[in-house]
Amino acid sequence: MKTLSKVGRYFLMLKSIFGKFTKWKILKELILKDIDTLIIGSMGIVSFISFFVGGVVAIQTALNLENPLLPKNLIGFATRQSVILEFAPTFISVIMAGKVGSYITSSIGTMRVTEQIDALEVMGINTYNYLIFPKIIALSLYPLVICTSMFLGVIGGYMACVYGGFSSSSEFIEGIQMDFIPFHITYAFIKTAFFSFVLATIPSYHGYFMTGGALEVGKASTVSFVWTSVVIILLNYLITQMLLT
Amino acid sequence: MIEVKNIIKSFDGIEVLKGISSVFEKGKTNLIIGQSGSGKTVFLKCLLGLLEADSGKIFFEGKGLEKMSVKERSVLRQEMGMVFQGSALFDSMTVEENIMFPMQMFTKKDDDEIRERANLVIKRVNLINANSKYPDEISGGMKKRVAIARSIVMNPKYLFCDEPNSGLDPKTAILIDNLIQEITAEYNITTVINTHDMNSVMEIGEKIVFLKDGLKSWEGTKEEIFNTDNEAVTNFVYSSDLFKKVREVYLKV
């Protein structure tokens, strides 16, 4: 019952975000600030993880191709499929639930604890719109992060494979071009669009409705990470079931 | 003027406010006092509209809050200023930006006009060389001054303060109390202050409402508080030896 009431409150929050809008001049500044923090600020860690995980996927695939009859271009093929279909859109999103989600929950939660949200409300500001809407818009650029992750994941795989001596450059490139289905890219970006909305709203919900003090801000960040990850994994399953089967 | 009639508010079946009625007059500093847990903050939040009372009526200049449209409530909110216990300054903004913020949100004035008005208010609350500082770079007393400046920058009709001098040294606390009283008279606003600081009561208590267990136990002025025979008030106000002696001397005179 309590969980149902929380879900209900989440959807009421979503409705309120699109209620009374904040002045565009102020909103524009908030959106740019959030793009800087949430998108540009995440590029470094996403690039680092994608490059090395792409490399590890290629090495693992190469080490498991023991049968000499299996062509070496399968390494490139497996790396491309793993990175584009799952690693970049889904697992980077789970990592972002930790990085961006915790930031959103703790920043809004701290504003709640220090009565800054109450101060905004007393002024007659729609705090849902002021605090959460800029994050939704900023994270609409999240597919750019995933695009970078896909690119660097495949590059990482190529470098590990070629310079590790597991296959030749031409074999790897042949592999990443083999049986390419463009819809897989579309599928990955559809997932990403849903995940970006989840990444903006669930952590905001946990920050906005938290009660207590500094300790509870930490707890809210952890709970927010857990729920954001759970929702991302469930959505991933549902979207895959609907689009790929 | 704010009139409150029979306000009741419960949380999870527990009545925190059990029917409070009072009138807070314009141009006066109205103090709500009482022990921790007596319902002061909940009462103030009901007046501010941050909490919806279960029953009862609140009138602002004779107009009932519950009968106001969304637009009228929004206008009313812009006529309110609030000084929070912890100041509630936006920590991503400088002192000047904090004070300019309400005007940027709700007026069509250009930045130069807004800055001019903000600096006028900054001068009024005696903030010196703090415009470009962030809230974590200034003292507690200065934070309160910024909060007061932010709350009066829009020329409010109503000023609410929740424990405005908590965490301040006695000298700064008196300065803040006097500043609030001066501003109340100067701008002719209705000021409601939540406090359990007895110095504030004696210093600026033009009207005092004493809450006990969610009920209004007593109301009067700072002069009347010396003569009251209400046991709850005397136990609360004269709980320290210093104030007991002050009362004895006052009554002798």
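In chain A, 88% of the contacts with a separation of 6 or more join residues 24 or more positions apart, two residues being in contact if their C-beta atoms, placed from the backbone, lie within 7 Å. The model is a predicted one, in which local features need pLDDT of at least 70, side-chain atom pairs count only at pLDDT 80 or more, and totals for chains, interfaces and linings use all residues. Residues are numbered from 1 along each chain as its sequence is written, while chains are lettered from A and ligands numbered from 1 in the order in which they are written.

Chain A holds nine helices and zero strands; helices (H or I, at least four residues) and strands (E, at least two) are DSSP runs, numbered from the N terminus. The C-alpha atoms of chain A occupy a box of roughly 70 × 40 × 35 Å along the principal axes. Of the 245 residues in chain A, 41% are buried, that is, 20 or more other C-beta atoms lie within 10 Å of the residue's own, with C-beta atoms placed from the backbone.

Helix α5 (residues 127–139) of chain A packs against helix α8 (residues 183–208) of chain A at an angle of about 160°, and their axes are 8 Å apart. Axes here are lines fitted to C-alpha atoms, for helices over the stretch in contact, and angles run from 0 to 180 degrees between N-to-C directions. α5(A) and α8(A) are therefore roughly antiparallel to each other, a term for angles over 145 degrees. From α5(A), the contact involves A:L131, A:I132, A:K135, A:I136 and A:L139, and from α8(A) it involves A:S196, A:F197, A:L199, A:A200, A:T201, A:S204 and A:Y208. Eight of these residues are nonpolar, three polar and one charged; Ala, Val, Leu, Ile, Met, Phe, Trp, Tyr, Cys and Pro count as nonpolar, Asp, Glu, Lys and Arg as charged, and the others, Gly among them, as polar.

Attention now turns to chain B. Five of the five residues of strand β7 (residues 158–162) of chain B are buried, so β7(B) is largely enclosed by the rest of the structure. B:Y158, B:F160 and B:D162 point one way from β7(B), whereas B:L159 and B:C161 point the other way. β7(B) runs parallel to strand β6 (residues 80–83) of chain B, joined by four bridges, and B:Y158 is the bridge partner of B:M80. β7(B) also pairs in the parallel sense with strand β8 (residues 190–195) of chain B over five bridges, pairing requiring at least two bridges found by DSSP. There, B:Y158 stands opposite B:T190.

Key. Parallel < 35°, antiparallel > 145°, perpendicular 65-115°, else oblique. Buried ≥ 20, exposed ≤ 12 C-beta atoms within 10 Å, placed from the backbone.
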